[in-house]
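Please look at the charged side chains in the model below and at how they pair. The text walks through a few of these pairs.

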Amino acid sequence: MAVTVLAAALVIAALVLPNTVVGLRPAKFVRIPAEAVIGAAVMLALPRRPRVVLAAVSGAALAAMTVLNLLDMGFSQYLGRSFNVVLDWSLLGDAQSYLEDSLGRTATLAATAGLIVVVLLLFVLLALSMVRLSNLLARHTGTATRGTLVAGVVWITCSSLGLQIAGVPIASDRTAAALKIQAHRVADTLRDEAEFRKVARVDAFGNTPGAQLVPDLRGKDMIFTFIESYGRSAIEDPIIAPGVDRTLDERTAALAKAGFHARSGWLTSATYGGSSWLGHSTTMSGLWVNNQQRYRTVMASDHLSLTKAFEKTGDFDTVGVMPGVQKAWPEQSFYGLNKVYNAFELGYKGPKFSWSTMPDQYALQQYQERVHSKKPADGKARMSLLILTSSHQPWAPIPKMVGWDQLGDGSVFKGIQAAGNKPADIIADTTRSRQEYGKSVQYSVTALTQWLERYGDKDTVLVFLGDHQPIARVSGNHASRDVPVAIVAKDPKVLDKIDGWGWTDGLRPAHDAPVWKMSAFRDRFLTAYGSTSHPKRG
């Protein structure tokens, strides 16, 4: 009897399981699922063999839907969206790599093995539970028939009258609705792929000659920098913001003392909580790249990226510094970078800081020594793309600033890394995650602006922004997708060109500063600095 009750509880729980963490309330699990009533009626009508086969298959199918619901929960918490069954399987490998960097290989292998066992058990238990319950119905046909009819009438009554418990409808069709949503999502994804290919072939600056691209920035030392997970929450969340805002104000004053001035605003990112490359490609392509298929489409296209526009002029040497890249990076061609320094080409001998291969300060110093301090031999100016990683989750341990002349090969960070927080202690604690996230942003902003203060000159123009907001556990379940963006320069003419944008003076954008979609930045930037539009039609 106890086994039968557990089997029924497992099936009912799977049928009414919500797909969000915030939806996990007791009232969600005391509902009457329509699928159970219909399933019981079908089982009662079938002979033994078809009934057992259908029960087992239905149990496995319910297990698959349960896995998808759990994936939706995880993706909503970390990426602010549901799992896409067409596009997102490849991200599970990235998640495993992230865990390995954060918790170590042994713990990750154990967690992966445990997860696989749990999933297999779920399939087996739900299939066996469905078979057991179908056999129970067959043994007590009369009672089961009457019970099914009563349950059906109760479901119809509750649905018609809208009866609820604690604000949750008693009548449920959760699994059927979830299946319908998944089907629509697959159809929408396949349709979006075809439509986006057409969109990507249209480019307002696709046929612009190099001589007519960014003429107002010729001779400038252009630097585009993304700061990992630098989102609006860092500047406005009541727990995170005080330290970050203080740092931004202090660094604004320090830069002003060195002759630099800044304007800042907001961009709405195409991604949230992760998948930084979607934010990078959206900013640089001027296209809304909000999923992996769109990303692949853009990377395989000849759509003009903002960085490639500088290469196309013929007047800029183009370089990328990517401490987060640890494998082949074919995207180099799309971004128009003549040379890319990855994690293994920066001479770092210190420890990793969780996912981040090296502290931002070290990456910036290597950029200075290997790139910025060396003028191109052909007399060209330079455009650089830097991706800073120290503010990547899990925000433990976090590097600390050291003397710029003490960085050496990075060994100086061994003691700092050893004394820092352990990822496992931060990942599970929301309050500490928020606090440490704020500290990591303070570190990254400080490292970048100190580098500029120390090594920038009258021709240096720095554009820096976040790629996305941090995960929902830090930014909140209903946080915006906005990230800060700033342009910093000594030459007043550079900032004069964007007077019409309405951006805020300084590194900290005002709450009511303009908010643009991230995909709007490329065209606005190119236009502001004198580029002439020559559209390319698909």
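Predicted model: local features only at pLDDT ≥ 70, side-chain atom pairs only at ≥ 80, totals over all residues.

Side chains of opposite charge can pair when their charged atoms come close. Here a salt bridge requires a side-chain nitrogen of Lys or Arg within 4 Å of a carboxyl oxygen of Asp or Glu. By this rule the count comes to 21 salt bridges.

One of them joins Arg232 and Glu236, whose closest N and O atoms are 3.0 Å apart. The two partners can be described by their accessibility. Arg232 has a relative accessible area of 9% and is buried, because buried means under 20%. Glu236, at 32%, counts as partly exposed.

A salt bridge also forms between Asp302 and Lys536, with an N to O distance of 2.5 Å. This pair links distant parts of the chain, 234 residues apart. Asp302 lies in the loop between helix H11 (292-299) and helix H12 (306-313), while Lys536 belongs to the segment after helix H19 (521-528). Asp302 is exposed, its relative accessible area being 58%. Lys536 has 23% relative accessibility and counts as partly exposed.

Next come Arg522 and Asp523, which form a salt bridge with their closest N and O atoms 2.7 Å apart. Arg522 is buried at a relative accessible area of 2%, whereas Asp523 is partly exposed at 27% relative accessibility.

Salt bridges can also share partners: through such bridges, Lys220, Lys458, Asp459 and Asp491 are joined into one network.

Definitions and conventions. Residues numbered from 1 in each chain as written. Heavy atoms only, no water. Buried < 20%, exposed > 50% of the residue type's maximum accessible area, 1.4 Å probe, protein only. Helix = DSSP H or I, 4+ residues; strand = E, 2+ residues; numbered from the N terminus.
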